[in-house]
Amino acid sequence: MIISRTQKFIDGAKKAVPITLGYVPMGIGYAAIAIKAGMTPLETISMSFLVYAGAGQIIAASMVLTSATAMTIILTNFVVNLRYFVMSTCVLNQVEESNTPLNILAAHVTVDESFAMFSLSEDSSIWIYLGIAITAWLSWCLGAGIGVVLLDLLPVIVTNSFNISLYALFVAILTPAVKENRQIAILVLITAILNIVLSQFLGNWSLIVSTLAGAGIGMYIVDDKYLMGSDD
Amino acid sequence: MDYIMLVILGCAVVTFIPRLIPALFIDKLDFPPKAEKFLNLIPYTALAALICPGVLTVDNQLWYIGLIGAVVAAGLAWKKVPLGAIVILTVIILIGVYSLVPFF
């Protein structure tokens, strides 16, 4: 039993490798902004460990740089990171072999990438999820650690090119479903257009509104039998 | 409290609470089939919303850089290239694209 848990955790960690390829450079980018904003190396790394929210942290560090009030920064983070409620619900609804303490740990390490990667997984064991998500989390902290040490050594073109890596991952995860199922493809297109339009009016709220509205539309245009991660 | 410590701890709390709530209540919930379908659709719609329009801001000056990256990644995924290789190849191709930008 212990061996199979460990094995599943390792399998999950292997699945996280494409995520780490994006997280380490992105973590370095975050550290660059945080240090520029006057945060110490310890504060920079602690934030990655405790907050663990890619975009949220970069926005927070940028706001520290412009001397925004703590309350404004915290409220902005709340709005930007509210989507994790939806992702955490999805992940925890999918996991098997779990209990409340493991769920709480899993909740803290739930981000866009671990959630997306797990939705592809055929095995829904909590240990697979923790393998994916904890590896991703540590690589994000490692990126911040590397960033505070060797800041500004990387040329801008290289760091800019790494900015694409997480989007490449998202596109790569989504493409097979779009290729195989026309209804999902239409739903993805509708949601993308919806978010492009709503982001003009709603700013940071747009992502979560579009995600939920898209899923609501999907209830009517996607057949039940085609759903990813469904057991039936 | 120190300004930066307040920011870090405040952000940690408001980020953790939305993640935590499902962990405390999920065992007590038994979602009806309609809700299961809704939750199963979320990965697709969340990814669509994460990609568009965010991918166009990969480079703040050159919007097409992100678009090229997305098209390359989609093309590689279409050909069933493994995820890790897609990420690496897309980054390498973008470094190549950047080296061509000064010529246009």
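The pLDDT is the predictor's confidence in each residue, on a scale from 0 to 100.

**Confidence**

- The model carries an ipTM of 0.89 and a pTM of 0.84.
- Over chain B the pLDDT averages 90, and 99% of the residues score at least 70.
- Where pLDDT is low, predicted coordinates should not be read in detail.

**Contact between chains A and B**

- Chain A contributes 81 residues to the contact and chain B contributes 58.
- On the chain B side, at least two residues come from each of four helices: α1 (3–25), α2 (33–51), α3 (63–78) and α4 (83–100).
- The greatest contribution to that side is made by α1(B), which supplies 17 residues.
- Sorted by class, the side of chain B that touches chain A comprises 46 nonpolar, eight polar and four charged residues.

- A pair of packed helices is described by the angle between the axes and the distance between them.
- From α12(A), the contact draws on Ile184(A), Leu187(A), Val188(A), Thr191(A), Ala192(A) and Asn195(A).
- From α2(B), the partners are Tyr44(B), Thr45(B), Ala48(B), Ala49(B) and Ile51(B).
- This contact of α12(A) with α2(B) has eight nonpolar and three polar residues, and no charged ones.

**Helix pair within chain B: α3(B) and α4(B)**

- The axes of α3(B) and α4(B) lie 9 Å apart, and the helices pack at an angle of about 140 degrees.
- The crossing of α3(B) and α4(B) is right-handed.
- On α3(B), the contact is formed by Ile65(B), Ile68(B), Gly69(B), Val72(B), Ala73(B), Leu76(B) and Ala77(B).
- On α4(B), the residues involved are Ile86(B), Leu89(B), Thr90(B), Ile93(B), Leu94(B) and Val97(B).
- The contact of α3(B) with α4(B) contains 11 nonpolar residues, two polar residues and no charged residues.

Key
Residues numbered from 1 in each chain as written. Chains lettered and ligands numbered in written order. Predicted model: local features only at pLDDT ≥ 70, side-chain atom pairs only at ≥ 80, totals over all residues. Contact = placed C-beta atoms within 7 Å. Nonpolar A, V, L, I, M, F, W, Y, C, P; charged D, E, K, R; others polar. Axes fitted to C-alpha atoms, helices over the stretch in contact; angles between N-to-C directions. Left-handed = near helix turned anticlockwise from the far one by under 90°.
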